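These are my notebook entries on one structure.

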Amino acid sequence: MSALFIADLHLADQRPDNTRAFLDLLAGRAREVGSLYILGDLFEYWAGDDDRDSPLNREIGDALATLAARGTQIGFVAGNRDFLVGEHFARRAGLIILSDPTVVDLDGRRVLLTHGDTLCTDDHAYQAFRQQVRDPQWQRAFLARPLEERKQVIDGLRRHSETAKQEKAMEIMDVNTAAVDALLRAHGYPTLIHGHTHRPARHLHQVDGRACERWVLSDWRGTASWLLWDGTDFRPGP
């Protein structure tokens, strides 16, 4: 069973090229595979499933639903920008929300999927923030606020995040090797696929004498980028 893996599209009104590239993918290449896995940050931000009047959100939801109706299974792992995507949007778009991390079987090959932000353990400030906003109680309280108020809060957080990035060493925003090895060990030494760092590459890890492959997905910069499982091996594309 072939599969496509994508991440970090950061779809937004300000990035129409990424939206066009994604819609083209859904109408073309994605129809040729059995599964499409979106490993987080599909959207630049997600304020809640009640943001249904946004033309972009409606267009993307409709296109995903069309693909799902044709028989392609669509798995979604939340990212640090769209972790508030909920069951309402998932049902409308034909998504299957997956836990982070999730192990899938590809023709007998065990593959571990994660967004990747949990592996950046050297960024202590981000990990503390992540723990706060992933708390169900925090999310319920936040989603109870008016939509426009939520969008204002998110805009402020995004601007703060961009400023904070300028003050951080590049190394702490990448994955921690020990965290990667621990995750691979905990899940039985599978192949690992993730996004988040915007540093596409193929890495080989030796964990307890086991050779493990790690693929880092590319972010999108006006054109589509994916990793393809062709039934035998992985190939980056296009």
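**Entry 1: D219**

I began with the side chain of D219, which makes a polar contact of 3.5 Å with the side chain of H198. I also found a polar contact of 2.9 Å between the side chains of D219 and R221. For both I took a polar contact as a pair of N or O atoms within 3.5 Å, where within protein one atom must be able to donate a hydrogen and the other to accept it, and residues adjacent in sequence count only if both atoms are side-chain atoms.

The model is predicted, so I note that local features need pLDDT of at least 70 and side-chain atom pairs count only at pLDDT 80 or more, while totals for chains, interfaces and linings use all residues. Residues are numbered from 1 along each chain as its sequence is written, and side-chain values use heavy atoms, with hydrogens and water left out.

I placed D219 in the loop between β9 (210-216) and β10 (226-229). My helices (H or I, at least four residues) and strands (E, at least two) are DSSP runs, numbered from the N terminus. Is D219 buried or exposed? D219 is buried, because its relative accessible area is 10% and buried means under 20%, exposed over 50% and partly exposed in between (1.4 Å probe, protein chains only). Leaving out residues up to four places away in sequence, D219 touches A7, D8 and H198; contact here means heavy atoms within 4.5 Å.

**Entry 2: the largest pocket**

Next I looked for open space. Rolling a probe the size of a water molecule over the atoms shows where empty space is left. The search runs on a 1 Å grid over the protein atoms alone: a cavity is a set of points where a 1.4 Å probe fits but cannot get out, a pocket is an open set with protein on both sides within 12 Å along at least five of seven lines, and lining residues have an atom within 4 Å of a point. Grid points are joined across faces, edges and corners, and a volume is the space filled by probe spheres set on the points.

The largest pocket holds about 1,000 Å³ of space. Its lining has 36 residues, and N80, R81, S161, E162 and K165 are the closest to the centre. The elements that give two or more residues to this lining are α4 (124-133), α5 (136-143) and α6 (147-167). Which element gives the most? I found that α6 does, with eight residues.

I then sorted the lining of the largest pocket by class and got 16 nonpolar, eight polar and twelve charged residues. Ala, Val, Leu, Ile, Met, Phe, Trp, Tyr, Cys and Pro count as nonpolar, Asp, Glu, Lys and Arg as charged, and the others, Gly among them, as polar.

**Entry 3: the annotated positions**

I checked the record. In an unreviewed UniProt entry, the annotation "binding site" covers N80, R81, D123, S161, K165, K168 and H196. From this set, the lining of the largest pocket takes in N80, R81, D123, S161, K165, K168 and H196. I note that UniProt positions are given in the numbering used here, feature names are shortened, and annotations may be inferred rather than shown by experiment.

I looked at three of these positions in turn.

- H196 lies in the loop between β7 (191-194) and β8 (201-207), and counts as buried at 18% relative accessibility. Beyond four places in sequence, H196 touches D8, N80, H115, G116, D117 and C120.
- D123 sits in the loop between β6 (109-114) and α4, and is buried at 7% relative accessibility. Beyond four places in sequence, D123 touches K168, I172 and M173.
- K165 is in helix α6, and at 34% relative accessibility counts as partly exposed. Beyond four places in sequence, K165 touches R81 and M173.

**Entry 4: the second largest pocket**

The second largest pocket has a volume of about 220 Å³. I listed 13 lining residues, with A12, D13, Y45, S54 and L56 nearest the centre. The elements giving two or more residues to this lining are α2 (55-69) and α6. By class, the lining divides into five nonpolar, three polar and five charged residues.
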